Amino acid sequence: MTHPSDDFNLDDDTLHEECGVFGILGHPDAGALTALGLHALQHRGQEAAGIVSFDGRQFHSERQLGLVGDHFTDPATLKRIPGNMAMGHVRYSTTGETILRNVQPLFAELEVGGIAIAHNGNLTNGLTLRRRLIAQGAICQSTSDTEVILHLIARSQRTSSSDRFVDAIGAVEGAYAMVAMTRTKLIGARDPNGIRPLVLGDLDGKPIFASETCALDIIGAKFVRDVENGEVVVCEIQPDGSVSIESLKPFPPRRERVCLFEYVYFARPDSVVAGRSVYSARKRMGLNLAKEAPVEADVVVPVPDGGTPAAIGYAQQSGIPFELGIIRNHYVGRTFIEPTQSIRAFGVKLKHSANRAEIAGKRVVLIDDSIVRGTTSVKIVQMMREAGATEVHIRVASPMIYHSDYYGIDTPDPEKLLANQHDDLESMCKFIGADSLAFLSIDGLYQAVGGEKRNAQAPQFTDHYFTGDYPTQLTDLNGRAKNEPKQISLLKEAG
């Protein structure tokens, strides 16, 4: 097994959510409002951003690699996305390379007119459908599974665009929070399990779809409700300028199973997901962790930023003072400097610095939201020791991660996960270099988020990364050889 000192790719030691979506219908500043909404959702994807608008005559597409603020704050860019309806997407890639042809929203001209589409999540039969479509003569321009939806819409025999959309998503499995836009409609949909979040908002009577409520807050819109699991909401501009909103429920009803990692890590703390405050849930995770894994110590220190709410909860429950013992540098990106071996040797110090005044001579409890491969934990424990900590105890506000995700979270292969590389907690603790190590139990996490223990017969949330209980079929995974690529692409692009 490779020791972390030989592997300095600390960005590979986090879980990445691959995207966020936003759309607004009937507002004269649709393009600018979409850019603001995407800015609020930037935490869900930092590799690319795109916006498509419609001005009543034609569609306009602006797609760029990089951050929303790098491109969509320029007035000249906003002028290129005019119209009173727009939708956008921020992306971290799980399926498909980070190249411009994969940046969403994707757009196609169909028999029923133009349509733009973007989604958050991952289709677990997307590759299987893609191969079938190509065999039938389809031409794929991207390596994103979102394009599969466009082909299915194009091939549907239904009459209206919304009926074709429903027809298309009926053929897919997996996780999706999806937004589509035609000349008159903005459509939002969630998969039957409701794994990924999507909310319906309102700004001056104009409907909005967004991945999280924080995107409504930034533009002063009000939260109307969550789009339900398995629901398709069709908003349409009528000839008189009014907007109609229709709810379709084309699939057999199922219980909602929101992804637990929305609460553990992905959603912004000020968002409300499925009626639950993310911040409050994270704080309760820390509170439960203090009950389950107490330790004698002098100071509770969060691993920023994800561990902060849980650390507050841990400190309040344990009575141990909370201090910002690690300061995060928010201005260091992944491309800050050429990552040569000598530069990589700085490790987490590029992103985190020890606050020596609060660490030296103290027994420290480090609170983190999750541990994936463990390389970051090794570095942070080392940093605490160098800052003079007499003891370093790690407490993790979620259970051990044993299984890969196939619903839009970019997880390492199972054999690279820390929990699978060690036989017991003691071995894991020794590897990390801590004095003790403990994880929140699955029941402790369930109680923090939903108020009750996990129902093994009918789990209330999507939790396969902890339990191995996948909520859907995994057609692509089960239908390919282990060394077979996740995507088909014969084109290698520069850049």
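1. Strand β8, residues 174–181, is largely enclosed by the rest of this predicted model, because 8 of its 8 residues are buried. Here a residue counts as buried when its relative accessible area is under 20%. In a regular strand, side chains alternate between the two faces of the sheet. In β8, Gly174, Tyr176, Met178 and Ala180 point one way, while Ala175, Ala177, Val179 and Met181 point the other way. Residues of both sets are buried.

2. The strands of a sheet pair through backbone hydrogen bonds, and the pairing may be parallel or antiparallel. Strand β7 (residues 113–123) runs antiparallel to β8, and 8 bridges join the two. Within this pairing, His119 stands opposite Met178 of β8.

3. β8 also pairs with strand β9 (residues 185–190), again in the antiparallel sense, over 5 bridges. The bridge partner of Ala180 in β9 is Ile187.

4. β9 pairs in turn with strand β13 (residues 232–237), in the antiparallel sense and over 5 bridges. In this pair, Ala189 stands opposite Val232 of β13.

5. Which strands make up the whole sheet, and in what order? The sheet is open and has 6 strands, in the order β6-β7-β8-β9-β13-β14, with antiparallel pairing. The edges are held by β6 (106–110) and β14 (243–248); each has a single partner strand, so one side of each is left without a neighbour in the sheet. On average, neighbouring strands of this sheet are turned by 20 degrees against each other, direction ignored.

6. Two packed helices are described by the angle between their axes and the distance between those axes. Helix α4 (residues 126–135) packs against helix α5 (residues 146–155) at an angle of about 50 degrees, and their axes are 10 Å apart. The angle therefore makes α4 oblique to α5. The crossing of α4 past α5 is left-handed.

7. Helix α9 (residues 278–292) contains 15 residues. From its first C-alpha to its last α9 reaches 21 Å, close to the 21 Å expected at 1.5 Å a residue. Which residue caps the N-terminal end of α9? Ser277 does: one of its side-chain oxygens lies 3.5 Å from the backbone nitrogen of Tyr279. The buried residues of α9 include Val278, Ala281, Arg282, Met285 and Gly286. Asn288, Leu289 and Ala290 of α9 are buried as well.

Note on methods. Residues numbered from 1 in each chain as written. Predicted model: local features only at pLDDT ≥ 70, side-chain atom pairs only at ≥ 80, totals over all residues. Heavy atoms only, no water. Buried < 20%, exposed > 50% of the residue type's maximum accessible area, 1.4 Å probe, protein only. Helix = DSSP H or I, 4+ residues; strand = E, 2+ residues; numbered from the N terminus. Pairing = 2+ DSSP bridges. Expected span 1.5 Å × (residues − 1). Polar contact = N/O pair within 3.5 Å; in protein donor to acceptor, adjacent residues only side chain to side chain. Axes fitted to C-alpha atoms, helices over the stretch in contact; angles between N-to-C directions. Parallel < 35°, antiparallel > 145°, perpendicular 65-115°, else oblique. Left-handed = near helix turned anticlockwise from the far one by under 90°.
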